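Please read this report alongside the sequence and the coordinates shown below.

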Amino acid sequence: MSQERIAAAAKEIRLSNPQLERYSRHIILNEVGGSGQKKLLASRVLIIGAGGLGAPAAMYLAAAGVGEIGLADYDTVDLSNLQRQIIHHTQDVGKPKAISGQETIQSMNPDVQVQTYREPVRADNIKDIIRHREYDFIIDGTDNFPAKFLINDACVMLQKPFSHAGIIRFQGQTMTYLPGQGPCYRCVFRDMPPKDAIPTCRQAGVLGVMGGIIGTIQAAEALKYILGVGQLLNGFLLTFDARTMTFRKVRINQRENCAICGIQPSITALKDYEQPACDIRQQQAQTFQGGAV
Amino acid sequence: MIITVNGDNVSLTKELSLAELIAFLQLDQPDYVTLLVNDRLIYPSEHKSTYVKDGDTVEYLYYMGGGQA
């Protein structure tokens, strides 16, 4: 159980004077305190996709003092990313996103160790990536359904908590999976949509701040899980429409016949779905395979 | 009759199947919208045979895949 590992590891941590100052606004919170800050420093979060959602999530988790952050992204920084992917800067264009993200995090907070995985997540590597550092919480910041279903299935199989999110145009959605405590992504969206049935951000556009709003909520879920504070978004899908500034929290029940988290799962092995990721550029994917797993 | 759709009251002059309701509401991606009626997920195969009743709460949800590149 991740929270037990975190609590045990936190007991070994002593906060230095610079850390007491850096995290003072956390430490004065009753719900955090020195013990909570030590939990954050002892925790490990994997972010799959260092883009619109993953960028703000990574930066807030780094600033909060999450001790270890994994960044999985095979792509390189493109000029068109900079309208919303604030972890990358103009001089980073052409650089692997995982490396650009790592550099930003390390300049923000030297307390944070960063692991990089410069390859697409696939059925044959995602469990190894999650187990590489036995991550406590996973954030899905990907932009394609094969990856989203793969992350869901892998996290259910490994009994790892994770945050799903998606954004497009002026809208976003997010939910949190906690093992044994509510539905998974497939309980809501049972099967992959057909190729090209659902528009992507590249096709339909996205307001730059959407990643910041929804990705920051994902970071908040990770922090709350690590700290054991409050009510997470397990059992709910939170939707947001920036045009009307409307949040809706829709109750989702776990489905007994869910193919992955139900009573008798029909999915017993991970698979790569045939639908190509919307923005996977095969050439780059091949170039950056063989990363740091 | 009045039903609630994504938090808003919607007035209907007759009972509609979910398939008819999707058309009435002019929802985007009608073949891929996820519908919950009174917190219960209704599969697309049941959209034509499932009718909404007065007072029902309907939620429609869309696949959202963006966020990385």
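In what order do the elements of chain B run from the N terminus on? The order is β-β-α-β-β-β, and the secondary structure of this chain amounts to one helix and five strands, where helices (H or I, at least four residues) and strands (E, at least two) are DSSP runs numbered from the N terminus.

This is a predicted model, in which local features need pLDDT of at least 70 and side-chain atom pairs count only at pLDDT 80 or more, while totals for chains, interfaces and linings use all residues. Residues are numbered from 1 along each chain as its sequence is written, and chains are lettered from A and ligands numbered from 1 in the order in which they are written.

Chain A holds 12 helices and eight strands. Because a compact globule of 293 residues would have a radius of gyration near 19 Å, the 18 Å of chain A agrees with that expectation; the radius is taken over C-alpha atoms, and the globule rule is 2.2 Å times the number of residues to the power 0.38.

The table sets out extent and burial, a residue being buried if 20 or more other C-beta atoms, placed from the backbone, lie within 10 Å of its own.

| Chain | C-alpha span along principal axes | Buried residues |
|---|---|---|
| Chain A | roughly 55 × 50 × 45 Å | 50% of 293 residues |
| Chain B | about 45 × 25 × 20 Å | 23% of 69 residues |

Contacts (C-beta atoms, placed from the backbone, within 7 Å) can be sorted by sequence separation. Among those with a separation of 6 or more, residues 24 or more positions apart account for 73% in chain A and for 60% in chain B.

Note on methods: A residue is buried if 20 or more other C-beta atoms lie within 10 Å of its own, exposed if 12 or fewer, and partly exposed in between; C-beta atoms are placed from the backbone. Two residues are in contact if their C-beta atoms, placed from the backbone, lie within 7 Å.
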